[in-house]
Amino acid sequence: MKTYLGVDVGSVTTKLALLNESDELVSHVYLLTQGKPIEAVQQGLREIRRQLPEDVDIGGVATTGSARYLAGVIVGADLVKNEITTHAVAALHYYPDVQTIIEIGGQDSKLTVVRDGIVIDFAMNTVCAAGTGSFLDHQALRLDMSIQELSQRALTSRTPVRIAGRCTVFAESDMVHKQQMGHSVEDILYGLCQALVRNYLGNVCLGKEIAAPIVFQGGVAFNQAIIRAFREEIDIEVIVPPHHEVMGAIGAALLVHEDMAASKTASQFRGFDQSEVKYHTSSFECKACPNHCEVAEISQDGHALARWGGRCDMWERVPTTQLQLSEESK
Amino acid sequence: MRVSLPHMGNLYVPCRAVFEQLGVDYVIPPVNNQRTLSLGSRYSPEGLCIPFKMTLGNMIESAEMGANTLLVPGGYGICRLGYYTRVQEQILQNLGYDIEVIQLGVSDRKFLGILDIIKRISNDSPWRRILSAFRFGMAKLNTIDQIERTVQKIRPVELVQGTVNQIYTRAINAIDNADDYDTLKRVRADYYEQLNQVPINQQANPLIVGVTGEFYVLLEPFSSFDIERELGKLGVEVRRATFISGWTKFTFFLNPFGINEKSRIQKAARPYLKRDIGGDGWESVGEKVLHAKEYDGLVHLAPFTCMPEIIAENIMPSTKENIPVLTILCDEQIAKAGVLTRLEAFVDLLERKRRSRNNKQRVTV
């Protein structure tokens, strides 16, 4: 069986999705990144392999998400694609007539505007993380409940209180204030969900037209209270795809399938055995010019596999040929 | 008196030429780097924009090198930029530097005021010498801009990535070192030749993206994440709205005589924005309207907290002339990784849009 693998390494979670030749989802994995993207990818690979029959052949692999370059080196990606594009591609695959894609993940939230099957505009939260999954996570932690419980209890609210959602810091102090005034936890929680939605519409959408059908994906789409708040606020039904949490990985797999079919080359996939290899990451300050860029390096058995982070491309060019020069300017 | 000036792109090259020709005692601070930004941010009010912080960093570094007179080219305009030199001077004095900051703005001093300052700084050189020094400076500026335009064209189609950037760095150094018109002419011919011999992909048909916005972040790549190079890496041909020579001519020579090079852009913006709102907000809107047919997309650079550009950002979606616009806020707190993700997605969007347009055309034919 020929398959295509998409790997989406986000700030909070790591997602893998495997598609077959007719782009159907064969298996997927969803796990926490926990600040260790390399280990998360390796664990994801192990879990995917466990779910698969022996005769599986990887026809192509693509990485996406904020650790896409790092993950790309580890798996030997044929394609490295940003998460805005992969999410849009996946949404369009399942809902060809979609006009608006709302995507809320751990650290960022995006809006993608689609017309006639083409992405025409997108927006992403800029200087503030209010209105993202981490915002909810943090509040759940503070109130000593799981994120699942937060969602369920918020749904039982009947008279939600208004929470200032401009910024996580203000929201938190406002929540404490409302709590000390004697409002019920349920009402405060739903108020928080509404604040997150208002923040998303105000800070990310910035007056862009939100037209139906709307697809809502990303980890936060697990939260039923947020979905209800969206429905109330924009008065349009939002569709949550069945595999909304792995849409980025699915999009990456779709794109690499398309690419490999066009180029007819063999995949550079480094194999499932990569999940056992020890990688070493480090960083140093380049002294070649006054910029003093921080350069990150990933190596295996003392050989640098890739480097990035400099303002010029001195380090990004193949490390082996540049090694001599590189060692001198460290 | 030891003169210095804050950086803005390659502005130091012509200024050095002028200082050299007039025998002025001067220092050029180190090119913009992380230390400049850290110093500038540490002593700036948090809510101010990145041009203020970067230039303050330059000023502190100049002061460390013994400068006591700082020249700041730029007008007073409508936005708070007009107060910047006064605030910066105050901050420098509070830090214990005995320093004078002179704003070379033509809008309030009138032309004669500028001439006075120039006369003073140049140790009372005869006007003939001053004029010839300025002419030579302008020649260097024009050369830089001609090289930059060629670089923008070749960078997206070069076969080996990074070749053009290396030639560009060498070219700027050579222009900086040229002492007379003959050398300058030779340098220009030489680097034109080098650039035109870079192996390129003949089949490539690069997307064309305009870059517009506030002039400082537009002209100072360090403050705006090297956006031109990054777009070039993604195979995009960049058309920048303002070049340093155009800006200099506008600020020093044309404005006082009432000639406004930008009137064409401003006229284009008029249906959506009737007046100057400070900074380059008016021009940003105009750029979109004027070039909608010619460009595939527009990248709009704005310093974080810049009022004029925020107004422009909010007007742009409603113009009838419709091309995708990506607004990027420039600030010391914003990580480059996030900006690159947006740029990649933006280029994907433009590419897919073009592909679908081509497909449609094929169907109708």
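## A walk through chains A and B

Let's start in chain B, where helix H1 (residues 12–22) packs against helix H6 (residues 127–154) at an angle of about 155 degrees, the two axes being 8 Å apart. Because of that angle, H1(B) is roughly antiparallel to H6(B). The crossing in which H1(B) passes H6(B) is right-handed. Bear in mind throughout that this is a predicted model.

Who touches whom here? On the H1(B) side, the residues include Val13(B), Pro14(B), Cys15(B) and Leu22(B), and among those they meet in H6(B) are Ile130(B), Phe134(B), Met138(B) and Ile144(B). Sorted by class, the residues of this contact of H1(B) with H6(B) come out as 13 nonpolar, two polar and two charged.

The axes of helix H1 (residues 37–51) of chain A and helix H2 (residues 68–75) of chain A come within 10 Å and cross at roughly 50 degrees. H1(A) and H2(A) are therefore oblique to each other. Their crossing is right-handed. Pro37(A), Ile38(A) and Val41(A) in H1(A) are the ones that meet Leu70(A), Ala71(A), Ile74(A) and Val75(A) in H2(A). By class, that contact has seven nonpolar residues, with no polar and no charged ones.

Here are the two pairs together:

| Helix pair | Angle | Axis distance |
|---|---|---|
| H1(B) and H6(B) | about 155 degrees | 8 Å apart |
| H1(A) and H2(A) | roughly 50 degrees | within 10 Å |

### Domains of chain B

Now step back to chain B as a whole. It is divided into domain 1 (3–125), domain 2 (135–203) and domain 3 (206–365). The centres of domain 2 and domain 3 of chain B, taken over C-alpha atoms, are separated by 24 Å. Where these two meet, 12 residues of domain 2 of chain B are in contact with 13 residues of domain 3 of chain B. Which element gives the most to the domain 2 side of that contact in chain B? H6(B) does, with seven residues.

### The parallel sheet in chain B

Chain B also has an open sheet of four strands, in the order E5-E4-E6-E7, with parallel pairing. Strands E5 (236–240) and E7 (325–330) of chain B stand at the edges with a single partner strand each, so one side of each has no neighbour in the sheet. On average, neighbouring strands of this sheet are turned by 25 degrees against each other, direction ignored.

Look at one of the pairings up close. Strand E4 (residues 207–213) of chain B runs parallel to E5(B), and five bridges join them. Val211(B) stands opposite Arg240(B) in E5(B). Helix H13 (residues 281–291) of chain B packs on the sheet, touching E4, strand E6 (297–303) and E7 of chain B, and its direction makes about 155 degrees with that of E4(B).

### Where the chains meet

How many residues does each chain bring to the contact? Chain A brings 22 residues and chain B brings 25 residues. On the chain A side, helix H3 (83–94) and strand E8 (118–124) of chain A each supply at least two residues. E8(A) gives the most to the side of chain A that touches chain B, with six residues. Split by class, that side has nine nonpolar, seven polar and six charged residues.

Six bridges join strand E7 (residues 109–115) of chain A to E8(A), and the two run antiparallel. One bridge partner pair is Val114(A) with Val119(A) in E8(A). E7(A) and E8(A) form a hairpin with two residues between them, and Asp116(A) in the turn has a positive phi of about 50 degrees.

Most residues other than glycine have a negative phi, and most peptide bonds are trans. Chain A has some exceptions to point out. Asp23(A) is not a glycine, yet has a positive phi of about 60 degrees. To find Asp23(A), go to the loop between strand E2 (13–20) and strand E3 (25–32) of chain A. As for peptide bonds, the one from Ala212(A) to Pro213(A) is cis, with omega near -5 degrees. Pro213(A) lies in the loop between helix H7 (185–205) and strand E9 (214–217) of chain A.

Notes:
Residues numbered from 1 in each chain as written. Chains lettered and ligands numbered in written order. Predicted model: local features only at pLDDT ≥ 70, side-chain atom pairs only at ≥ 80, totals over all residues. Axes fitted to C-alpha atoms, helices over the stretch in contact; angles between N-to-C directions. Parallel < 35°, antiparallel > 145°, perpendicular 65-115°, else oblique. Left-handed = near helix turned anticlockwise from the far one by under 90°. Contact = placed C-beta atoms within 7 Å. Nonpolar A, V, L, I, M, F, W, Y, C, P; charged D, E, K, R; others polar. Domains from an automatic or database assignment. Pairing = 2+ DSSP bridges.
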